[in-house]
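The structure comes first, and the points follow by topic.

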Number of protein chains: 2
Amino acid sequence: MSSFVLHERLARGSTDLGRYAHCRVLLKNHGPFPWILLVPEWPEARELHDLPAELYAQVSDAVRRFSQWMSTWPGVEKVNVGAIGNQVSQLHLHVVGRHSQDPAWPGVVWSHGEKTPYSEVELAEHVARIKEWLASA
Amino acid sequence: MSSFVLHERLARGSTDLGRYAHCRVLLKNHGPFPWILLVPEWPEARELHDLPAELYAQVSDAVRRFSQWMSTWPGVEKVNVGAIGNQVSQLHLHVVGRHSQDPAWPGVVWSHGEKTPYSEVELAEHVARIKEWLASA
């Protein structure tokens, strides 16, 4: 079996912040939403069901923990979770913090065209928050 | 704790086909995509992490099984999974079959405006397929 290599489009559009439950943890490089990607380090996986059952259970538990944690972030009223993969086939899970005043609400972020880079302050806050959480997890 | 009641918007827009892993199994009433909703029968749940850990694990496993199964449906090349809930707050998970010639591809179905009712034949096929699978599961 080939080894896992992060897809270059995922790598290019995000900041790699570490690992959790056999997933690469990425922060998307743009707002306006707090937007984390979990990429299971399993070569060739495209669908959730491509993961072996035990790894799938670990990844699912990671989604639960990230969802719960993100719901405590400032301004987050709702968490959206998705595994889509129509454009980048490597399996990746989205965990996105939403609030009822955000520019895509109540629509989904995946069809929201206007990406805005995080400000340096926002980016630093997000990165610090995630790294601290990963270090304590 | 109050008892579980299916949200009237979910009930109105779908056909209730039974239960699986403590979830109501619904077929959305329109195409053009095969589109199943899993609604965990847990009162007041809005987020995935509102489910108790054991139920969450069962629901996650159900998602895996539905995803795997739906990938074998005629014409399905990719499965999209999501837990959004920005419009209907009752927790529900989408499992949607996609293919690269469908009218929303490569976008997501949630922002695709044109809903088309299933033909009677399509609806009967979907209902029969799901009921048969649930009966054998």
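This is a predicted model: local features need pLDDT of at least 70, side-chain atom pairs count only at pLDDT 80 or more; totals for chains, interfaces and linings use all residues.

Which residue of strand 4 of chain A does Val25(A) stand opposite? Val25(A) stands opposite Leu38(A).

- Strand 4 of chain A spans residues 35-40 and is mostly covered, with six of its six residues buried.
- In a regular strand, side chains alternate between the two faces of the sheet.
- From strand 4 of chain A, Trp35(A), Leu37(A) and Val39(A) point one way, while Ile36(A), Leu38(A) and Pro40(A) point the other way. Residues of both sets are buried.
- Strand 2 of chain A, residues 23-28, pairs with strand 4 of chain A in the antiparallel sense over five bridges. Leu38(A), one of the buried residues of strand 4, is the one opposite Val25(A).
- Strand 4 of chain A also pairs with strand 6 of chain A, residues 93-98, in the antiparallel sense over four bridges. Here the bridge partner of Trp35(A) is Val96(A) in strand 6 of chain A.

**The side of chain A that touches chain B**

- Contacts between the chains involve 28 residues of chain A and 28 residues of chain B.
- On the chain A side, helix 2 (53-70) and strand 5 (78-83) each supply at least two residues.
- Helix 2 of chain A gives the largest share of that side, seven residues.
- By residue class, the side of chain A that touches chain B has twelve nonpolar, twelve polar and four charged residues.

**Strand pairing across the chains**

- Strand 5 of chain A pairs with strand 5 of chain B, residues 78-83, in the antiparallel sense over three bridges.
- Within this pairing, Val81(A) has Ala83(B) as its bridge partner in strand 5 of chain B.

**Relation of the two copies**

- Two copies of a chain are related by a rotation about an axis and a shift along it.

Key:
Residues are numbered from 1 along each chain as its sequence is written. Chains are lettered from A and ligands numbered from 1 in the order in which they are written. Two residues are in contact if their C-beta atoms, placed from the backbone, lie within 7 Å. Ala, Val, Leu, Ile, Met, Phe, Trp, Tyr, Cys and Pro count as nonpolar, Asp, Glu, Lys and Arg as charged, and the others, Gly among them, as polar. Two strands pair if DSSP finds at least two bridges between them. A residue is buried if 20 or more other C-beta atoms lie within 10 Å of its own, exposed if 12 or fewer, and partly exposed in between; C-beta atoms are placed from the backbone.
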